[in-house]
Amino acid sequence: MERVGDYMIFEEILSRLPAKVVCRFKCVSKQWCYELSTPKFVFIHARRVGNSIQKKLLSLKENSIVVDDIVAGNLEEDTSKTVTFPYDVEPSFLSIIGSFNGLILLFIKRSYNELVLWNPTTRRFKLISDDYFSHYFGRHNDTGGMYFDEHNDLKVLHINCYWDVVTARVYSRHNDSWTKLNLLNGTQLGSNFYSWSPGIYSDKKIYFMVSNYWIPPGERNIVVFDVISETFSILHFPEHMEVNPCQGHFLTISNKLHVIVVQYAGELIADLVKYEHDEWIKVFSFNRARIVHHMETQERTNIIQNNKWLITSIWGDTVEVVLCNDSFNYIQHVDNYNGPKGALFLETIVSPFD
């Protein structure tokens, strides 16, 4: 072991092990606990895990929180496990804001509102909400996302809509404090007419779908947050989304931003488009799209089950599409999906604490 060296043991061998096994190895000695907790090791381990086709799907049910195994986009049968949330609160009062590097960002809606960073694998959690949340937090479409800045500080972006005003704030894990940001002055995106999707991270940016679904023909915006400059901008829509009525849902496939476009133009049409080199490119159209009015208990959204895929949108509709061979092979490389009641996540040892 002495000839092998610490570098080989920790960075080349132990960094390839599952997160729960790494946590057990922390009990070997104080040195191992220290080495397996350094920011460098956590980063290397998370990077290796991110290349795996094995992921987890966390689903918020009415009375329970369920985690399923996902392999190559497919739901593995008989793998469902019930997990316990660190706070004594019914899952129906929880909503998922984002998933990033094994951490889940959730808010708790009750008489006082709270924002929680939670690693379901290590069961570590941190309450990050401050007094601001007790006054302004609670709209169903409050949203946000997570990212690492250039100094490897984990940050949480929170966007709040209250009385027609949009407020953006960023939480720093290192400083344990919040900072207010400027967000697209002159826009009306905080109005009750608008609904914000959960944010999705791709290539150092966080994307939000912001839709006005009350006043025809329906205004749609893609709001982009640059994690380096911590500034906002508006991204143009693909031509496929100029039909009304129309919905869009973000996901990442092979680490590239994609949008599922659901249109109602005489018939229900569902297309997959990707954003690459500042252009929207149509990948393919799904087969036999239809609206599902009642989901079975065992069904999950945005994963493959029986060669079918259930898609949800910020409007609340659930659309089922049938996958052919080409679409099946493409979709199985889904990296990230965030919805208010479900999210894909990786099993990492990333901590909510600095």
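This is a predicted model: local features need pLDDT of at least 70, side-chain atom pairs count only at pLDDT 80 or more; totals for chains, interfaces and linings use all residues.
Colleague: Let's begin with sheets. How do strands come together in one?

Modeller: In general, strands of a sheet pair through backbone hydrogen bonds, and the pairing can be parallel or antiparallel. Here, an open sheet is built from four strands in the order 9-10-11-12, with antiparallel pairing.

Colleague: Which strands are the edge strands?

Modeller: Strand 9 (143-148) and strand 12 (177-181) are the edges, and each pairs on one side only. From one strand to the next, the twist averages 25°.

Colleague: How many bridges join strand 10 to strand 11?

Modeller: Eight bridges link strand 10 (residues 154-162) with strand 11 (residues 165-172), and the two run antiparallel.

Colleague: Now a single residue. Is D271 buried or exposed?

Modeller: A residue counts as buried under 20% relative accessible area. D271 has 4% relative accessibility, so D271 is buried. You will find D271 in strand 20 (residues 268-276).

Colleague: What does the side chain of D271 make a polar contact with?

Modeller: Its partner is the side chain of S285, at 2.5 Å.

Colleague: Let's turn to the surface. Which residues form a nonpolar patch there?

Modeller: Look for Y7, M8 and I13, which together have about 300 Å² of accessible area.

Colleague: Where does Y7 lie?

Modeller: Y7 is part of helix 1, which covers residues 6-13. Happy exploring!

Terms used. Residues are numbered from 1 along each chain as its sequence is written. Side-chain values use heavy atoms; hydrogens and water are left out. Patches are made of residues with over 30% relative accessible area and no salt bridge: like charges are joined within 9 Å, nonpolar side chains (Val, Leu, Ile, Met, Phe, Trp, Tyr) within 5 Å. Accessible areas come from the Shrake-Rupley method with a 1.4 Å probe; for residues, only the protein chains shown count as cover. A salt bridge is a side-chain nitrogen of Lys or Arg within 4 Å of a carboxyl oxygen of Asp or Glu. Buried means under 20% relative accessible area, exposed over 50%, partly exposed in between (1.4 Å probe, protein chains only). A polar contact is a pair of N or O atoms within 3.5 Å; within protein, one must be able to donate a hydrogen and the other to accept it, and residues adjacent in sequence count only if both atoms are side-chain atoms. Two strands pair if DSSP finds at least two bridges between them. Axes are lines fitted to C-alpha atoms, for helices over the stretch in contact, and angles run from 0 to 180 degrees between N-to-C directions.
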